[in-house]
Amino acid sequence: MQSVGHHLAAWRHPDVDPRNAISLDHFKNLARIAERGKFDAIFFADGLGLPPAPAALLAKGAPIHYFDPLLLQAVLSTVTERIGLAATVSTSYLPPFHLARKFAALDHLSNGRAAWNLVTSGTDFEAANFGLPEQVGHHERYARAREYVDVVRKLWDSFEDDAFIFDQAAGKYFDPAKLHVADHKGEHYSVRGPLAVGRPPQGYPVLVQAGSSDDGQELAAATAEVVFTAQQTLADAQAFYKGLKERAARYGRAPGSILVFPGIQPIIGRTQQEAEDKLGQLQSLLDPVLSIGLLSAFLNRDLSTYPIDGPLPNLLSTEGWQSRQQLFVDLARRENLSIRQLALRIAGGRGHKTLIGTPQSIADTLEEWFTQGAADGFNILPPVFPFGLGEFTDLVIPELRRRGLFRTEYEGKTLRENLGLTRPLNSYTKNADGTVAA
């Protein structure tokens with residue numbers, strides 16, 4: 001749920017009120033539409049500052065409204081009942097105790113629907129907002145994130161599930177034997193604990209991760225339960241899916257304990273021509289300077305100095321979004337795209353696959369990827385809100401249901417139940433023989 005749509009020109013669409021980007025009623029409406037469609041979750045990305053681009057470029061419509069996702073999801077929990085609430089928070093700039101406390105609160109307040117999308121942040125301009133001259137190196141960011149996850153899990157386990165007995169007669173609020181101090185002392189973090197809140201209803205909020213670099217995949221294989229990824233071809237998606245499941249197996253994890261969700265931007269028409277016309281209208285509203293700026297930001301290279309209709313120059317990987325940079329380079333080389341053509345291609349899905357067609361043809365591709373070992377589900381990125389989400393809900397989801405591929409009702413009350421994920425045991429809970437359950 002990004003602003004008024006994922007396409008860079010969504011805010012200029014004649015049927016869109018750009019002021020919705022700062023309207024709570026707008027996001028409430030989107031949440032209700034998604035829950036009506038029985039989506040698993042609503043998800044907010046995040047950015048910790050504005051890129052150091054000229055103000056005149058930013059004024060052309062680069063997405064600058066990033067409300068704190070946790071605050072927004074807390075509000076949306078009050079107008080929904082079953083849909084999951086996924087919020088992005090970076091491990092680079094928030095101490096783990098704060099994060100553990102905030103997500104425990106969201107899980108309690110939503111009755112078990114919280115999910116944390118773990119990112120490590122990938123830009124120097126974000127680092128500068130936190131007193132750093134540049135971002136921490138890629139490998140170290142992920143090493144820190146691995147320990148960070150360990151810390152927050154310990155904190156979420158501060159109280160065992162049945163610790164709170166509320167015995168008014170005996171004057172005992174909780175069983176003191178079931179309170180545990182993390183007392184974590186690691187390479188990057190030292191955190192005493194405990195967390196001053198009961199264990200989250202889900203045990204742990206669902207852990208989502210989106211890094212597709214080698215470091216990102218290793219972190220996901222060890223810790224994540226849902227993985228967002230950007231893949232352009234069935235073969236690439238299958239290779240990523242297979243590779244990630246194999247990595248997870250090396251950590252002793254079953255294939256179903258880690259779910260892979262490629263991002264899909266659907267452009268939906270009742271005919272193929274109608275869908276293509278919708279995309280054409282959006283592309284016609286796009287300022288090429290802005291699209292080149294977006295591509296430059298992803299690649300951490302100023303492409304405005306190169307011929308716009310020339311090929312993408314040879315680029316070295318940076319410390320930023322390594323996997324997305326490689327995806328763009330591969331796409332440009334595979335399809336022989338100019339800088340202009342590549343910028344136009346990513347203006348909507350930002351590297352995720354764009355499906356242009358009828359509800360039936362879009363469902364065909366989703367079914368193929370799902371049945372051919374490329375996806376467990378999908379991260380749907382409507383180009384324009386609210387009607388892009390409404391079209392997917394009212395046109396594509398019924399088609400998936402007709403094929404027996406999607407639910408008609410939620411399976412449970414928590415996000416874990418709806419995703420088919422097990423509830424983790426508390427790491428301090430003891431078995432009958434005195435051994436620790438986890």
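Is Asp 162 buried, partly exposed or exposed? The side chain of Asp 162 is partly exposed, with a relative accessible area of 43%, where buried means under 20% relative accessible area, exposed over 50% and partly exposed in between (1.4 Å probe, protein chains only). The structure is a predicted model, in which local features need pLDDT of at least 70 and side-chain atom pairs count only at pLDDT 80 or more, while totals for chains, interfaces and linings use all residues. Residues are numbered from 1 along each chain as its sequence is written, and side-chain values use heavy atoms, with hydrogens and water left out.

Asp 162 takes part in a salt bridge with Lys 178 (2.7 Å, N to O), a salt bridge being a side-chain nitrogen of Lys or Arg within 4 Å of a carboxyl oxygen of Asp or Glu. Lys 178 belongs to the loop between strand S5 (172-174) and strand S6 (184-185), and Asp 162 to the loop between helix H6 (138-156) and strand S4 (164-167), so the pair ties together parts that are 16 residues apart in sequence. Helices (H or I, at least four residues) and strands (E, at least two) are DSSP runs, numbered from the N terminus.

In total, the structure holds 22 salt bridges. One of them joins the side chains of Asp 40 and Arg 407 at 2.8 Å, N to O. Because Asp 40 lies in the loop between H1 and S1 and Arg 407 in the loop between H14 and helix H15 (415-419), this pair ties together parts that are 367 residues apart in sequence. Asp 40 is buried, at 18% relative accessible area, and Arg 407 is buried as well, at 10%. Another salt bridge, between Asp 17 and Arg 19, spans 3.6 Å, N to O; here Asp 17 is partly exposed at 34%, whereas Arg 19 is exposed at 63%. Salt bridges also link Asp 364, Glu 367, Glu 399, Arg 402 and Arg 403 in a network.

Aromatic rings were examined next. Rings of Phe, Tyr and Trp (its six-membered ring) pair if their centres lie within 6.5 Å, and planes under 30 degrees apart count as stacked, over 60 as edge-to-face and the rest as tilted. By this rule the count comes to 15 aromatic pairs. Phe 39 and Phe 392 form a tilted pair, with 6.0 Å centre to centre and 50° between the planes. This pair links distant parts of the chain, 353 residues apart: Phe 39 is in the loop between helix H1 (24-36) and strand S1 (41-44), and Phe 392 is in helix H14 (residues 387-402). Phe 39 is buried at 13% relative accessible area, and Phe 392 is buried at 4%. The pair of Phe 164 and Tyr 173 is edge-to-face, with 5.9 Å centre to centre and 90° between the planes. Phe 164 counts as partly exposed at 27%, while Tyr 173 is exposed at 54%. Both residues belong to a cluster in which ring pairs link Phe 159, Phe 164, Phe 166, Tyr 173 and Phe 174.

In soluble globular proteins, nonpolar side chains tend to be buried together. A nonpolar core is a set of buried Ala, Val, Leu, Ile, Met, Phe, Trp, Tyr and Cys residues joined through side-chain atoms within 4.5 Å. The largest such core has 59 residues, and those with the most contacts inside it are Trp 116, Trp 156 and Leu 366. Helix H6 gives the most to this core, with eight residues. Beyond its neighbours within four places in sequence, Leu 366 is in contact (heavy atoms within 4.5 Å) with Ile 264, Leu 355, Phe 378, Phe 392, Val 396 and Leu 400. A second, separate core of 24 residues includes Leu 286, Leu 290, Phe 328 and Leu 331.
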